[in-house]
Structure formats: C-alpha cells, structure tokens
Amino acid sequence: MNRRLFLKLSATTLIGVTGCQNRDRHTISVPYNITVTSDMKAGHQLLWPTALAKDEQRDTEYIIVGGGLAGLSAAERLADRDFVLCELSAGLGGSSGHASYAGESFSQGAHYDLAYPANYGHETLALLEKLEIVDYDPIQNCWNFVDKQYLIRESKAGRIRTETGFQAEVLKPGPLKTAFLELVLPYQGQMKMPTWLIDRELHWLDQITFRQFLARSLDLTPDFERVIDYQMRDDYGASANQVSALAGIHYYTCRPYYTESVELFSPPEGNYYFVKKLVSRLDPQRLKNQHLVKRIERDGSGFQVEVIDLSKKALNTYRAKFVVFAGQKHSLQYIFEPDQHLFSHNVYAPWLVMNLVLSDRLNTDGFWQNEILAETSTVNRKTFMGFVDNTTQVRHN
Ligand SMILES: Cc1cc2nc3c(=O)[nH]c(=O)nc-3n(C[C@H](O)[C@H](O)[C@H](O)COP(=O)(O)OP(=O)(O)OC[C@H]3O[C@@H](n4cnc5c(N)ncnc54)[C@H](O)[C@@H]3O)c2cc1C
C-alpha cells in the first residue's frame, strides 16, 4: 500500500512492539494515532543490579518463570499445587500475545495453528482436548478444531502474494521440493510435543541449524532458501540459519498438508485464543503480571528467587522447592548462572508485530489470515488488513 492510500484509509493506527520487558506506551504526533508497546525496558533490568530492598520472604512450592503458552501450560498442570507464575509483561501470552483496540482483539505473534496428527504427542493432545480446542476425528485419524468459525478456507490457506501476483503454493513444485520432502518427511511421527518425547537418537538435530541440515543433502537455491526462511519466520520469528534442524523438521512433519488436506485455524486474536482457554482454568491470584524474575539461586534442596514487582517497584523474594523456567532461553544466563551453558548457543531473535486499524474497507481480494476470516466469518465482519509478519506477506496494493 502506498503512503497516500495508507493515510487516506487510516483513521487510527495501533502499532504494538513486543520484546522482553515492561510495557511502555508512547503516543507521538502524526495524522493518525500510533501506540507503540515494548517490554524491552523491563526485560533489560536483568542486566543491571537493582537498588530495591528485599521484602519479607514468601514460600511457595513452584515458581513459574514466564506467562507464555509454555508457562501457562505448566500452571495448568500444577493447578492443584502451590505455585506462583511471574510474567514480566502487563499481558499474558508472550509470543502468543494479543492487543485490544476498540473492542477488537489482534494477534501479536502466533496467529494460526493446524489440525494435529494423531502421533503429535499424547500430553499436548490431552491438554488441547481438555481445553475443548480439538476433538478426535477417527476417519482422518487426526485432531480437528472444535470452533469451526475460525477455519481458513482450503483454497486460500497456502496462497501468498508475491511481486507478480498470488503464488498458489509457497514451496514451488519441482525436483528441489521433491528432494526436500524426501529428506524431511521420513521424520513424520517422530517430532512429538513436548520435545522430551522425541527419541534421544534424534537429539543431535537440536545442535545444528535447519539450514545446515538442509545444505548437507540439497543444492539449495536462493529462491528456495527465501521460501524456507519465510516459513521459519512466519512460525518461529527467526530464519533457517537461526532455528535448529529439529524445529525446522518439526514444522514440516507436523503439517500433514504436504500429504493430505487438514484444517487451518486462525482466530482474530491468533493463538491468544489458547491463552484465554488456559487462563480461564487458573486462579488469577497466582498469575503475577509485571513481575520480572530477576535472579534464582540454589538454597539447600530448593531455590531463592528474587522477583521485581514492576508496578509497585518492590523486590519480592520467594523460597521455592522447584522452578519451571518458561522464559526466553537466551535470558536464563542472567537469571540462573549455573545453568547458563544449557542455552549458550541460543540467540535472541527480535520480532515486531504491527496492528493497523483502517477506517475503510480495502477494495481488494483478501488473501491471508484474519482478513479472510473477516470476509467469511459470520461473527467478525470488521475489516482487517491481515497479519503481516514479513516481506512476503506485505500487501502491495
Ligand atoms: C512472530 C512470530 C509468529 C509466530 N507464529 C506462530 C504461529 O502462527 N503458530 C504457532 O503455532 N506458533 C507461532 N509462533 C511460535 C509461538 O508463538 C511460540 O512457539 C509460543 O508462543 C512460545 O511460547 P512460550 O511460552 O514457550 O514462550 P514465549 O511466548 O516467548 O513466552 C515467554 C514469556 O516469558 C516472559 N519472561 C521472559 N523472561 C522472564 C523473566 N525473567 N521474568 C518474568 N517473565 C519472563 C516473557 O515476557 C514471555 O511472556 C510464532 C512466533 C513468533 C515470534
């Protein structure tokens, strides 16, 4: 979209930037409203000593670090136990978070999911079934979505817009695609979730990048690499050079649409849909927003945990029997030094989400994500521009 059209269509614009820290909101003077939200400042408090005085020590059985899907899933598992979940951000969800504007909910990260093959991993499937998100389809032998209103039409699911028009398939048919699928599809059924269910013999795939894995067997072309990068960024927020081979293979082998047609699920708030389901089952008193886990130290058979309450500017201390770390891996080194070697190869892959709220309907053929839903759903008749998370998905008109 060119700038003039953008200004004409834009009554209000909401831009969210989600990183790793406390939420700062700034409003700047432009012909439309822009709100920028970032957690960077809060997260960076891990890097410096704090001048806050420690308050009285509290006891708990579990401290959960991080309120993304991993931390909330752990909390769901521990719902009957004594736990405290600390999330540095003002909202829960992490990279499956959302933003609200004028009563609408927008995805701010993960935005779609696919029907799960029966071999996906029994723990994850059991949780999703308990949350009434999926149910088993014995005919297809897979787990489909209960809430059919948010399914994307099959005819549009694989389409992306390129410089020259719509590309029917992201991975173009040809010998390279065939060789690629021959390389990754044998892993089908072995990439289970959670990943500890994956056979030990495959753990080496976590030690090399996806690009390294592919380059060992394939003559990669720049075009092919661009598409693989597109898909890695779309899902993990990082390129094939940054994600592990295990993550890359997982992406393709848990997507049965390479061999059969499956449901593609994308509510307007994206995977925050899952977050809402989890949160509704948890005691809100145990979920502490704007609480940054600053430091963890061993203490006998348990742990001493320092937590900055960012809203009250106070330093809480906990004695916990167990700590569940569900924050971004690269940050563990600042919190718990003894385990810093575990993720020494992990790098921070920053990402940015923009939600644009337009005052008028775009006169175009919708092609992706929430925009399609806006056109087809009986519930969401509002106009969305769609989820734009990298250059391939940028609308050109
Ligand atoms: C741009 C993007 C698009 C994606 N698209 C999809 C998609 O379409 N479908 C899909 O299935 N997946 C997608 N993913 C992947 C998906 O978002 C993640 O796999 C999933 O949300 C990760 O959840 P998590 O809980 O492991 O981590 P996170 O979501 O990263 O959560 C970690 C949480 O810990 C908090 N935290 C970190 N350190 C501390 C601390 N010291 N104290 C307190 N809190 C802390 C953070 O603020 C954060 O909320 C996407 C990812 C990105 C980045």
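Ring pairs tie Tyr116, Tyr120, Phe145, Tyr150, Phe265, Tyr273 and Phe274 into a cluster. That's a handy way into this one, which is a predicted model. Overall, the protein has 12 helices and 19 strands, and 49% of its 397 residues are buried. If you take the contacts between residues at least 6 apart in sequence, 62% of them join residues at least 24 apart.

**Aromatic pairs**

- The count of aromatic pairs comes to 17.
- Take Tyr116 and Phe145, a tilted pair with 6.2 Å centre to centre and 55° between the planes. Tyr116 belongs to strand E9 (residues 116-117) and Phe145 to strand E11 (residues 142-145), so this pair ties together parts that sit 29 residues apart in sequence.
- Both partners are under the 20% cut-off for buried: Tyr116 has 6% relative accessibility and counts as buried, while Phe145 comes in at 0% and counts as buried too.
- Then there's Phe180 with Phe224, an edge-to-face pair at 5.5 Å centre to centre with 70° between the planes. This one links distant parts of the chain, with Phe180 in helix H6 and Phe224 in helix H8, 44 residues apart.
- Phe180 counts as buried because its relative accessibility is 0%, and Phe224 counts as buried because its value is 8%.
- Away from the ring-ring pairs, Arg286 lies over the face of Phe83, 5.5 Å from the ring centre.

**Nonpolar cores**

- The largest nonpolar core holds 66 residues, and Phe180, Phe210, Phe213 and Ile228 have the most contacts inside it.
- Helix H9 gives the largest share of this core, with 6 residues.
- Domain 2 (51-95 + 282-343) and domain 3 (113-265) both contribute residues, so this core lies between them.
- Leaving out residues up to four places away in sequence, Ile228 touches Leu171, Phe180, Phe210, Leu214, Ala240 and Tyr252.
- As background, nonpolar side chains tend to be buried together in soluble globular proteins.

**Helix H6**

- The buried residues here are Lys177, Phe180, Leu181, Leu183 and Val184. Looking down the H6 axis, they fall within an arc of 155°, so they line one face of the helix.
- On the face turned away from that buried side, H6 carries the exposed residues Pro175 and Glu182.
- H6 packs its buried residues against H7, H8 and H9.

**Helix H7**

- H7 (residues 210-217) buries Phe210, Phe213 and Leu214. Down the axis of H7 these fall within an arc of 90°, so they line one face of the helix.
- For partners, the buried residues of H7 pack against helix H6 (175-184), helix H8 (222-236) and helix H9 (245-253).

How values were computed:
Residues numbered from 1 in each chain as written. Predicted model: local features only at pLDDT ≥ 70, side-chain atom pairs only at ≥ 80, totals over all residues. Heavy atoms only, no water. Buried < 20%, exposed > 50% of the residue type's maximum accessible area, 1.4 Å probe, protein only. Helix = DSSP H or I, 4+ residues; strand = E, 2+ residues; numbered from the N terminus. Arc of directions from axis to C-beta. Contact = heavy atoms within 4.5 Å. Phe/Tyr/Trp six-rings, centres within 6.5 Å; stacked < 30°, edge-to-face > 60°. Lys NZ or Arg CZ within 6 Å of the ring centre and 35° of its normal. Core = buried A, V, L, I, M, F, W, Y, C linked by side-chain atoms within 4.5 Å. Domains from an automatic or database assignment.
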